[in-house]
Amino acid sequence: MNLILIGYMGSGKSSIGKRLANRLGYVFVDLDKRIEDLAKVSIEEIFEEYGEKEFRNLEDHVLSKVLKEENIVLATGGGTPCHSNNIEALKENGFVVYLELDPPTLKKRLFWAKSKRPLLIGKNQDEMLDYIGGHLEERMPFYSQAHLTVNADKINASKLDEIKDRLLSFEN
Ligand code: S3P
């Protein structure tokens with residue numbers, strides 16, 4: 001069984017994913033990292049050189065390979081579940097957890113890290129808050145299909161244990 005984390009950019013999918021993988025004895029897989037390894041360039045460069053459409057094609061391709069693996073904790077990209085029916089594929093191949101945060105918290109986390117996020121580059125604080133609010137609303141129909149939604153603010157040991165317990169009871 002796989003544990004699959006979905007959620008907006010900045011929701012903590014990679015850091016929480018690593019902690020959960022440790023707890024479960026699973027392998028941690030970061031989808032963006034796998035895409036970069038295959039393309040041999042960064043996500044920013046893929047967007048810049050080939051555009052978002054090509055990035056999504058590559059993302060779908062790498063996702064279909066990764067979903068053949070077993071006992072992984074997978075941190076998806078923020079847009080992964082929202083394209084190409086990927087939410088269905090994710091739910092068929094694991095226990096899907098949505099890491100939820102509100103737009104002001106996401107904006108706070110993302111403002112200083114936006115250079116690594118092609119979709120956010122060049123926005124000031126107000127523009128970023130507006131963008132995140134609208135974008136999150138568009139993505140909610142996908143994120144809300146997760147098996148479990150967890151508030152991703154201040155994830156502590158008991159929240160990690162709860163996710164682990166829910167995964168184990170989902171398996172049985
Ligand atoms: C994206 C999120 C990014 C990365 C790409 C597109 C998105 O991943 O896949 O920049 O569409 O939300 P993170 O959520 O890990 O930042």
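Reader: How many helices and strands are there in the protein chain?

Author: Good place to start! This is a predicted model, where local features need pLDDT of at least 70 and side-chain atom pairs count only at pLDDT 80 or more, while totals for chains, interfaces and linings use all residues. Residues are numbered from 1 along each chain as its sequence is written, and side-chain values use heavy atoms, with hydrogens and water left out. Helices (H or I, at least four residues) and strands (E, at least two) are DSSP runs numbered from the N terminus, and the protein chain has seven helices and five strands.

Reader: Which pattern does the protein chain follow along the sequence?

Author: Let's walk along the helices (α) and strands (β) in order. Read that way, the pattern is β-α-β-α-α-β-α-β-α-α-β-α.

Reader: What share of the 172 residues in the protein chain is buried?

Author: Buried means under 20% relative accessible area, with a 1.4 Å probe and protein chains only. Of the 172 residues, the buried share is 45%.

Reader: Which helix do the buried residues of helix 5 pack against?

Author: Helix 5 covers residues 103–111, and its buried residues are T105, L106, K107, L110 and F111. Taking contact as heavy atoms within 4.5 Å, these buried residues pack against helix 6 (125–143).

Reader: What is the radius of gyration of the protein chain?

Author: This radius is taken over C-alpha atoms, and the globule rule is 2.2 Å times the number of residues to the power 0.38. For 172 residues a compact globule would have a value near 16 Å, and the protein chain agrees with 15 Å.

Note on methods:
Buried < 20%, exposed > 50% of the residue type's maximum accessible area, 1.4 Å probe, protein only.
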